[in-house]
Amino acid sequence: YWADRLARVKALGFNAIQTYVPWNYHEATRGHFDFTGERDFAAFLTLAAEAGLMVLLRPGPYICAEWDWGGLPAWLLASDP
């Protein structure tokens, strides 16, 4: 999926693509990180490089207002400071 989409972006003449790294997507449960399958952003970075695209990586903790809680995991509500 991503290889095709990145090839299309490159064909449009772009030289870069940006992506978020949402904390709540990769650590939905406290202490359990998931960077497998569609969550494997290292593989995404590799595909982008192979397509000849630079990547603007936008890591959290807060990433944007469009994402639930701005990318912060819901388990933070139940955590003691």
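The paragraphs below describe the aromatic contacts of this structure. The model is predicted, so that local features require pLDDT of at least 70 and side-chain atom pairs count only at pLDDT 80 or more, while totals for chains, interfaces and linings use all residues. Residues are numbered from 1 along each chain as its sequence is written, and side-chain values use heavy atoms, with hydrogens and water left out.

Across the whole structure, a search finds five aromatic pairs. Rings of Phe, Tyr and Trp (its six-membered ring) are paired if their centres lie within 6.5 Å; planes under 30 degrees apart count as stacked, over 60 as edge-to-face and the rest as tilted. One of these pairs joins Trp 2 and Phe 44 in an edge-to-face arrangement, at 5.3 Å centre to centre and with 85° between the planes. Because Trp 2 belongs to helix α1 (residues 2-11) and Phe 44 to helix α3 (residues 41-50), the pair ties together parts that are 42 residues apart in sequence. Helices here are DSSP runs of H or I with at least four residues, numbered from the N terminus.

Phe 44 is buried, at 10% relative accessibility, whereas Trp 2 is partly exposed at 40% (buried means under 20% relative accessible area, exposed over 50%, partly exposed in between, with a 1.4 Å probe and protein chains only). Ring pairs also bring in Tyr 1, which forms a cluster with Trp 2 and Phe 44.

Phe 35 and Phe 41 form an edge-to-face pair, with 5.7 Å between centres and 70° between planes. Phe 35 is partly exposed, with a relative accessible area of 38%, and Phe 41 is partly exposed at 27%.

Key:
Helices (H or I, at least four residues) and strands (E, at least two) are DSSP runs, numbered from the N terminus.
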